[in-house]
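Look at the structure below and keep two topics in mind.

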Amino acid sequence: VPVAHVHSTSIIRVAWKMPSEANGKLVGYQIRYRRKGSDGWKDSKLVKTLYIIIENLLAETNYEFQVRAFTNVGPSEWSESGEEKTKAELQGAPRNVTVSFLQESPATCDGEYYFMLTWLPPAGTEESRVTTYFVSLQDNEKETANRTTETYFTAKNLKPFTDYTVKVSADDNPSKVSVVVAMTPAAEPEPVTWNPPTTVISESETADVVLSWNEPT
C-alpha cells in the first residue's frame, strides 16, 4: 500500500516499499491517482525510485493512490489504495504584524540596531498549518529576504533613523502580504567634551576688577 505525505495545497509525496518477490528483473514503478470517489485514474510515468511527487492537485481534496511494479516480464497488479488530503488554501495574509523595539532608544545590541516582529497566522487557519513564513525588510537602498518557522522574527543590523518597509507572508499563499513600516530610533549624539578657560588675569586700577581669559580648546 503506498503511503502519501501532504506537502502543500497542491503537492503530495507518495512512497512505497519494494515487493518481497518479483516475477523477473525489477525495472521500475508506476503510480495512478484520482480524487476519492471519482471514476477516472491518472497514471504517472515510470520511475525507478521508491517515491514520486504528485503536483497540480486541488486544495483541500482527498486523493487515492495505487502503485504497481514493472519487471522485464511486465507489470504487476495494482496495490490497494492509500489516501491523503491536500492542505486547504489559506484565507489571507498573516495578521496583526507588530514591531517592538527590544530596548529603549536607541534599540541597540553591541552597536547594532534591531527590533522584534510578531504576527498571527492568517484568518481561519491554525498556527500548525503554516510551515514557513517569509519576511522581507526594505530600506531606501536594498531589500533582504528571510524565512522563519515561527510567528516572530528579530530584524538585526539595521541603520539608525531609517524607515523599513516590512512584508510578511505565509508559505501556502505568498501573494497575500501584510505590510508595515517601522523606523529605527535616531542615534544618540556623541557627548561634547571641552576644557575650561585658562590663564585668568585680573587687573585692578580702581575699585572695579577686570577679568580676561583665553578661549577653551
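The paragraphs below take the cores, then the salt bridges.

This is a predicted model, in which local features need pLDDT of at least 70, side-chain atom pairs count only at pLDDT 80 or more, and totals for chains, interfaces and linings use all residues. Residues are numbered from 1 along each chain as its sequence is written, and side-chain values use heavy atoms, with hydrogens and water left out.

In soluble globular proteins, nonpolar side chains tend to be buried together. A nonpolar core here is a set of buried Ala, Val, Leu, Ile, Met, Phe, Trp, Tyr and Cys residues joined through side-chain atoms within 4.5 Å; buried means under 20% relative accessible area, exposed over 50%, and partly exposed in between (1.4 Å probe, protein chains only). The largest core has 17 residues, of which F115, L117, W119 and L137 touch the most other members. A second, separate core of 15 residues includes I12, W16, Y63 and F65.

Side chains of opposite charge can pair when their charged atoms come close. The whole structure has 4 salt bridges, each a side-chain nitrogen of Lys or Arg within 4 Å of a carboxyl oxygen of Asp or Glu. One of them joins E64 to R34, with the closest N and O atoms 3.1 Å apart. E64 counts as buried, because its relative accessibility is 10%.

K159 pairs with D139, at 3.1 Å between the closest N and O atoms, and also with E141, at 3.4 Å. Through these shared partners, D139, E141 and K159 form one network. Within it, D139 is buried at 11% relative accessible area, K159 is partly exposed at 28%, and E141 is exposed at 65%.
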